Protein chains: 2
Amino acid sequence: MNIGEVAIVSGLPAKTIRYYEDIGLVKPLRDTNGYRAFRTRDAHKLTFLGRARALGFSIEDCRKLLALWADDTRASADVKALAKDHLSAIDDKIADLQDMRQTLDHLVRECAGDHRPDCPILQSMARQTVMNSKASG
Amino acid sequence: MNIGEVAIVSGLPAKTIRYYEDIGLVKPLRDTNGYRAFRTRDAHKLTFLGRARALGFSIEDCRKLLALWADDTRASADVKALAKDHLSAIDDKIADLQDMRQTLDHLVRECAGDHRPDCPILQSMARQTVMNSKASG
DNA sequence: ATAGGGCTTCCCCTTACTGGAAGGTCAAGG
DNA sequence: CCTTGACCTTCCAGTAAGGGGAAGCCCTAT
């Protein structure tokens, strides 16, 4: 398989596949003309990578997942630990975004959104914390 | 104010403040010794930037917000529009993360997490879509 | 022979900073 | 006067995960 074909079957852009080769995630063979020659298992690996990335795993996590996948003697506990860590990272991100969302939503609701300049959104970002008496030199 | 002091009062790292000067968000004066000399309004601007960034606004959005803030003739509608756009971008991100979260949480619950190699997490990432009969050459 | 599409490498660009090196400045202490 | 240490300066490089595009080779069809 050339890169174009494997791009189609894996669903990844050719650029991405070249990049994955650069960083050592896949190691396709080479034809005599210099073209990359992907075997079926390379394609499977790329599909795996696409799925793992779609679940938000970092490239380095993907590298570990690939290693576990390739290792018949793995313990599922190791995979689960990786996944749980990632899950809690996702939860943290969601929480951060929801905090932002709530603050911003509140401000948006308060803002008249008309032709006048008065704006609670700007006010909330401009508001000086009244505490810095010692730093106001 | 030197950069160290304004870093404390604005809550931003000195590195970040230098970067903001580089990209034209603040324009502090210079002392004869070459040190940046921040005025009170520079400090306010930086505080504003810190708040806007904390709400997730991009640097380019921050640039627009600063311009609106500085413009006495602004319409609050313009600020509100910016904020609403950002709010919906946040909502999109939250939705993406929640999709990931749900899939991953499901897989984690299914995984025994013991010494055995069998792992639904890996299986779900490795599963080949059975559709590609024409591409399996 | 030539056109076109696919492939190659290479380098720069992105976001929003962060780290670090090499060196100038300033105030305190001996 | 000299040193020490904290501060400041600029500049360079790196981060994550690729994307864009140039210059040029390869292959097939006409």
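Chain A is divided into two parts, domain 1 (1-57) and domain 2 (75-128), with bounds that come from an automatic or database domain assignment. Taken over C-alpha atoms, the centres of domain 1 of chain A and domain 2 of chain A are 35 Å apart.

Before going further, a word on the source: this is a predicted model, in which local features need pLDDT of at least 70, side-chain atom pairs count only at pLDDT 80 or more, and totals for chains, interfaces and linings use all residues. Residues are numbered from 1 along each chain as its sequence is written, chains are lettered from A and ligands numbered from 1 in the order in which they are written, and side-chain values use heavy atoms, with hydrogens and water left out.

## The protein chains

Let us start with chain A, which has 6 helices and 2 strands. Here helices (H or I, at least four residues) and strands (E, at least two) are DSSP runs, numbered from the N terminus. Along the sequence, these elements follow the pattern α-α-β-β-α-α-α-α. Chain A is more spread out than a compact globule, because its radius of gyration is 25 Å, well over the 14 Å that the globule rule gives for 137 residues. That radius is taken over C-alpha atoms, and the rule is 2.2 Å times the number of residues to the power 0.38. The C-alpha atoms of chain A fill a box of roughly 70 × 40 × 35 Å, taken along the principal axes.

How does chain B come in? A rotation of 180 degrees, with 0.0 Å of shift along its axis, superposes chain A on chain B with an RMSD of 0.1 Å. This is the relation of a two-fold axis. Ile94(A) is the residue of chain A that comes closest to the rotation axis, its C-alpha being at 2.9 Å. The copies meet through the same surface, because 100% of the interface residues of chain A are also interface residues in chain B; contact here means heavy atoms within 4.5 Å.

## Around DNA strand C

DNA strand C is surrounded by 19 residues, and the closest are Tyr35(A), Arg36(A), Lys15(B), Tyr20(B) and Arg53(B). A residue is near a strand if one of its heavy atoms lies within 4 Å of it. The residues of this surface divide into 7 nonpolar, 6 polar and 6 charged. In this grouping Ala, Val, Leu, Ile, Met, Phe, Trp, Tyr, Cys and Pro count as nonpolar, Asp, Glu, Lys and Arg as charged, and the others, Gly among them, as polar. Helix 2 of chain B gives the largest share of the surface near DNA strand C, 4 residues.

## Around DNA strand D

Of the atoms of DNA strand D within 4 Å of the protein, 70% belong to sugar or phosphate and the rest to bases.

| Residue | DNA strand | Distance to phosphate oxygen |
|---|---|---|
| Arg18(A) | DNA strand C | 3.2 Å |
| Arg30(A) | DNA strand C | 3.2 Å |
| Asn33(B) | DNA strand C | 3.1 Å |
| Tyr20(A) | DNA strand D | 2.6 Å |
| Asn33(A) | DNA strand D | 3.4 Å |
| Arg53(A) | DNA strand D | 2.8 Å |

Terms used
Polar contact = N/O pair within 3.5 Å; in protein donor to acceptor, adjacent residues only side chain to side chain. Least-squares fit on C-alpha atoms with pLDDT ≥ 70 in both.
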